[in-house]
Amino acid sequence: MHKLIDNYNRNISYLRISVTDRCNLRCIYCMPEEGVPLMDHEQILRYEEIIRIAAASARKGVTKIKITGGEPLVRKGIPDLVACLNEIPDINDISITTNGILLHSAVPALKKAGLRRINVSLDTLNPEKYSKITRGGDINLLLSGIDKARAEGLDPIKINVVAMRGINDDEILSFAELTIERPVHIRFIEFMPLNIKPGCDKGYFISNPEIQREIKKIGSLFPVKSDKKSGPAKMFQIKGARGKIGFISALSNHFCSTCNRLRLTADGKLRTCLFSDNEIDLKAPLREGISDGDLEEIITKTILSKPQRHKILEPSFKKCLRSMSAIGG
Ligand code: SAM
Ligand code: SF4
């Protein structure tokens, strides 16, 4: 199998595919209340285009794919996409990151299509707070989606929690306690001020070391071996717990030196770093009839242009042009 090593000795093997810029929620840390300007349907990659890019990436060494968005499940036909991605030789791990609102009815078809695991975003266990954070979401829909995913045997179910000071920091222990009785993975993601209106993100950021100190109030945290599917999360367990707790620390302890990711935006741009607007267009060449060999060459060149590290903490950093929902997280 081909392996593509970039200029900083990283083996690029993970492609995050954003299948839509649309979303049925408006989370306060991700989108403004009025939403973001939406792309025309013509601008969005068709499934056959996504599959061609995924297959070419796999021939260059990608083995793992995440389907994301916007909210991926608002796009029709996601199970068919999963089934086609599953057919690509060497792709051995496909997952979806979803807000879970449409999950309940989607699970059976996703499972049938070959999906094995799922990530769900859930930042609070309180229904009213959930509605506030997501600007209108109904937590019961999401919880029934998680139950269905568990009943259908999707495993592991990873819960992504963006910890925010003054918003959900009072629930850190409740999330951690969930792992004691249940075999879930709770993953605390540090808030990233990617493209939030100035003034709207004041003081949200809580570092993962601070969260760990809080959790240690209810029990010791033991590091556990992170498998390949843990991505950049550093994994821990409370003694005797059935589930695990992960920490994704893009800011306090950036993982750029081991970053193995490429991102494909819904409008067909290959992006080498979450925090860099340096993007290479694949849609135009695809629609002009590029050969597989030339497509692979563009992918290789793009990978070789991946920056060594993000610059988000440097004074020269300008806000990214795209919102998190348009990149896919
Ligand atoms: N709509 C899906 C969802 O919410 O899971 C997939 C797309 S969402 C952009 C992917 C991930 O990015 C989610 O886990 C979300 O919590 C995370 N995210 C969005 N904005 C963020 C921010 N400003 N800081 C940290 N994580 C963020
Ligand atoms: Fe939508 Fe996901 Fe962004 Fe929330 S985090 S607004 S669910 S894309």
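The residues of the shell around ligand 1 divide into seven nonpolar, ten polar and two charged; in this division Ala, Val, Leu, Ile, Met, Phe, Trp, Tyr, Cys and Pro count as nonpolar, Asp, Glu, Lys and Arg as charged, and the others, Gly among them, as polar. The model is predicted, so that local features need pLDDT of at least 70 and side-chain atom pairs count only at pLDDT 80 or more, whereas totals for chains, interfaces and linings use all residues. Residues are numbered from 1 along each chain as its sequence is written, chains are lettered from A and ligands numbered from 1 in the order in which they are written, and side-chain values use heavy atoms, with hydrogens and water left out.

Of the 19 residues around ligand 1, those that come nearest are Y29, G70, T97, S121 and M192; a residue is taken as near a molecule or strand if one of its heavy atoms lies within 4 Å of it. With E71 the contact involves the side chain, an N or O atom of which is 3.2 Å from a nitrogen atom of the ligand. A polar contact is a pair of N or O atoms within 3.5 Å; within protein, one must be able to donate a hydrogen and the other to accept it, and residues adjacent in sequence count only if both atoms are side-chain atoms. On its own, ligand 1 has 540 Å² of accessible area, of which the protein covers 95% (Shrake-Rupley method, 1.4 Å probe; for residues, only the protein chains shown count as cover). Two or more residues of the shell come from each of strand 3 (93–98), strand 5 (157–163) and strand 6 (185–190); helices (H or I, at least four residues) and strands (E, at least two) are DSSP runs, numbered from the N terminus.

Ligand 2 is surrounded by C23, L25, C27, Y29, C30, G70, N99 and S325. This shell contains five nonpolar and three polar residues, and no charged ones.

Among the helices, the axes of helix 3 (residues 103–113) and helix 5 (residues 139–151) come within 8 Å and cross at roughly 20°. Helix 3 is therefore roughly parallel to helix 5, and their crossing is right-handed. Axes are lines fitted to C-alpha atoms, for helices over the stretch in contact, and angles run from 0 to 180 degrees between N-to-C directions. Angles under 35 degrees count as roughly parallel, over 145 as roughly antiparallel, 65 to 115 as roughly perpendicular and the rest as oblique. A crossing is right-handed if the near helix is turned clockwise from the far one by less than a right angle, and left-handed if anticlockwise. Helix 1 (residues 47–59) and helix 9 (residues 292–304) have axes that come within 9 Å and cross at roughly 70°, which makes helix 1 roughly perpendicular to helix 9.

In the loop between helix 5 and strand 5 lies P156, joined to D155 by a cis peptide bond with omega of about 0°.
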